[in-house]
Amino acid sequence: MIHRDFTKWYACGLALSMITTASYAKEKTIRNEAPVKKPNILVVLCDDLGYSDVGFNGSKDIITPQIDRLANTGTIFTSAYVSHPFCGPSRASILTGRYPQCIGAQFNLKDDGSRTDDGVPVSETFMSNVLHDAGYYTAAIGKWHLGFSTRFQPNHRGFDEFYGFLAGGHDYFPDKFGPAYLQQKKSGKLPIREYITPLLHNEQEVEETQYLTDAFSRETVRIVTESAKKKQPFFIYLAYNAPHVPLQAKAEDLKKFESIKNKDRQTYAAMVYAVDRGVGEIVKALKANGQFENTLIVFLSDNGGNIDHGANNDPLKGTKGDTWEGGYRVPMFFLWPKSIPAGQHFDYPVSALDLYPTFAHLAKAKIPENKILDGKDIFESVQNGQNPRENQPIFALRYRFGYCDVGAREGDWKALRMGNEPWQLFNVKEDIGEHHDLSGRFPEKLRELVAKTEEWSKTHGKPLWYYTIGDKEMWDNGQMPNYSQTFEISKWILSPSSD
């Protein structure tokens, strides 16, 4: 089942990035010239973290001193995007370096306990595979959400070690979810909701006793400490499920935010603070083991914050699930002492798709000849403060019932379509909140971006799975993806004189 339409998926990305592919081939000759030894790589990925819910991105009520200290001594990306405004497709994209529409991962996998035999195609080489083959000790901690069957699990996708859960979310307190799981298992009532299932260490169930965010930080500290004894660098993919719902926080963390009167916001803030505390413990371990100076730390969120559950995306418009900026523009920074500029605010657009080729470059890893990557190696651009993708858009597209939400950012410009509304055009550098539609003043720029987006869409494949039966029915009867309607602009666009 996972191989249907493979040829189409394999071709995905070629149309949108012929120039990128050609330049990427040239870059391969440069990659072995890096003057530094292979760095450890630590990715800290939050779940549904709002754009302004960390201090370094302007939070006024949530304190994140440990994260801020790292961000402010590294490079902060003010225009960082993920490839999709939902977690499953976004995470698939990070680890494969592909747009999710290109690999059949357009929808989230279900969390209802059914555990269907679906997952990110094994034909896709994960970044963990190439880093492992380049001599890295690889570990995935936390949330997976990329497939339940054995062949889709972390230990079969290039990770030496896994500690976490396979679903898209989980309850946080073991003393609550543990007994609930055992009671339902004893009753024989199936399926069992994924949010209460036991955690896994590699492929074995384990009995956890700590608040989940603390547990994932603890396991990361363990791997950092153990790796200091190995004669190989590490790659750790630390995928916190915080601050994703359910909103559950420790009493001592809640106490720090007593001044926040909104209950959801207070709990959300405490959950973010738990992440910050864990990051501090991990950095402490890195420094104690003499690893900090040669570790690249990357911090980001998998998509925009969910403003219905405590998040704040200001000054961006929109929420998780949107192609407004608030749906898929995320807080992000790089820190690698002496190798990444300190105190830099990098304003050019970058994508989470760029992590795969950038890590491969730094690891001096060999990328398979047939591996398509939709991102770019941005390391040299970040070092030099240069735009890594002149005239190359960053896309996002979400299927809805009968139409698509679409965003395409190129330079300062962004074309947007939300639902059945007309296409709009924004200068998001000057108008970050997307308040002033400029499509009437610059119709040719809008047409150009929409044409590039439509060309990109022609390479998309059919989904390998659907989140609901309704999604499948809409796809089968032609109401999704319905691109012919999505990319129609002639009846909407205004002439310059009519603006």
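## Two loop residues with positive phi

Asn391 sits in the loop between α12 and β12 (helices are DSSP runs of H or I with at least four residues, strands are E runs of at least two, and both are numbered from the N terminus). Its phi is near 60 degrees, a positive value in a residue other than glycine. With a relative accessible area of 56%, Asn391 is exposed (buried means under 20%, exposed over 50%, partly exposed in between, using a 1.4 Å probe and protein chains only).

A quick note on the model: it's predicted, so local features need pLDDT of at least 70 and side-chain atom pairs count only at pLDDT 80 or more, while totals for chains, interfaces and linings use all residues. Residues are numbered from 1 along each chain as its sequence is written, and side-chain values use heavy atoms, with hydrogens and water left out.

Arg115 also has a positive phi, about 50 degrees, although it is not a glycine. You'll find Arg115 in the loop between α4 and α5, and at 41% relative accessibility it counts as partly exposed.

## Arg389, a buried arginine

Back in the loop between α12 (379-384) and β12 (394-399) is Arg389. At 6% relative accessibility, Arg389 counts as buried. Leaving aside residues up to four places away in sequence, Arg389 touches Pro349, Val350, Ser351, Asp354, Gly375, Lys376 and Ile394 (contact means heavy atoms within 4.5 Å).

## Aromatic pairs

The whole structure holds 30 aromatic pairs (rings of Phe, Tyr and Trp, the last by its six-membered ring, pair if their centres lie within 6.5 Å; planes under 30 degrees apart are stacked, over 60 edge-to-face, the rest tilted). Take Phe107 and Tyr466: the ring centres are 5.7 Å apart and the planes are at 45 degrees, so this pair is tilted. Phe107 is in the loop between α4 (87-96) and α5 (127-133) and Tyr466 in the loop between α13 (443-457) and α14 (469-476), so the pair ties together parts 359 residues apart in sequence.

Phe107 counts as buried at 8% relative accessibility, and Tyr466 counts as buried at 12%.

## Cis prolines

The peptide bond from Leu190 to Pro191 is cis, with omega near 0 degrees. Pro191 belongs to the loop between α6 (174-187) and β5 (199-201). The bond from Val245 to Pro246 is cis too, with omega near 5 degrees, and Pro246 lies in the loop between β7 (234-239) and α8 (251-255).
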